[in-house]
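Please open the model in your viewer and keep the selection panel at hand. The stops below follow one another, each with something to select and something to look for.

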Amino acid sequence: MVTFESAGGWLIGSILFAIAAWKIFSKTGQSPALALLAFIPGLGPVIVALIFGRGRWPNLPDRRPER
């Protein structure tokens, strides 16, 4: 059963994570609205982390091999 305390903790944690993700997405040149995925219970932060891990970062060189 979900209590107010656990739901409130989830909401506060999601808000803090979404704010950080919003800033990171905007600095990487991606749509900051992707940070709203953090509000999906359980799976949202995992999706955001996968986007961070697989996305392109503007200050790092492209690591793909040349053909």
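For this tour, a residue counts as buried when its relative accessible area is under 20%, as exposed when it is over 50%, and as partly exposed in between, with a 1.4 Å probe and protein chains only. What you see is a predicted model, in which local features need pLDDT of at least 70 and side-chain atom pairs count only at pLDDT 80 or more, while totals for chains, interfaces and linings use all residues. Residues are numbered from 1 along each chain as its sequence is written, and side-chain values use heavy atoms, with hydrogens and water left out.

**The whole chain**

Begin with a cartoon view of the protein chain, which has two helices and zero strands; helices (H or I, at least four residues) and strands (E, at least two) are DSSP runs, numbered from the N terminus. Of the 67 residues in the protein chain, 15% are buried.

Select alanine 21, which is found in helix 1 and counts as buried because its relative accessibility is 2%. Leaving aside neighbours within four places in sequence, alanine 21 is in contact (heavy atoms within 4.5 Å) with Ala35, Val48 and Phe52.

Next select leucine 11, which also has its place in helix 1, residues 4-27, but counts as partly exposed at 39% relative accessibility. Leucine 11 belongs to a nonpolar surface patch together with Trp10, Ile15, Ile19, Trp22, Leu36 and Phe39, and these residues have about 630 Å² of accessible area together. A patch is made of residues with over 30% relative accessible area and no salt bridge, joining like charges within 9 Å and nonpolar side chains (Val, Leu, Ile, Met, Phe, Trp, Tyr) within 5 Å, where a salt bridge is a side-chain nitrogen of Lys or Arg within 4 Å of a carboxyl oxygen of Asp or Glu.

**The aromatic pair**

Which residues form an aromatic pair that is tilted? Select phenylalanine 25 and phenylalanine 52, whose rings are 4.7 Å apart centre to centre, with 40° between the planes. Phenylalanine 25 lies in helix 1 and phenylalanine 52 in helix 2, so the pair ties together parts that are 27 residues apart in sequence. Rings of Phe, Tyr and Trp (its six-membered ring) pair if their centres lie within 6.5 Å, and planes under 30 degrees apart count as stacked, over 60 as edge-to-face and the rest as tilted. Both phenylalanine 25 and phenylalanine 52 are buried.

**Two sides of helix 2**

Now colour Gly44, Val48 and Phe52, the buried residues of helix 2. They cover an arc of only 75° around the axis, which puts them on the same side of helix 2; the arc is that of the directions from the helix axis to the C-beta atoms. On the other side of helix 2, look for Leu50, Gly53 and Arg54, which are exposed.

**The loop between the helices**

Finish with alanine 33, in the loop between helix 1 and helix 2 (44-54), which is partly exposed with a relative accessible area of 40%. Glutamine 30 is found in the loop between helix 1 and helix 2, and, not counting residues up to four places away in sequence, glutamine 30 touches Phe25, Ile51, Gly55 and Arg56.

Terms used:
Accessible areas come from the Shrake-Rupley method with a 1.4 Å probe; for residues, only the protein chains shown count as cover.
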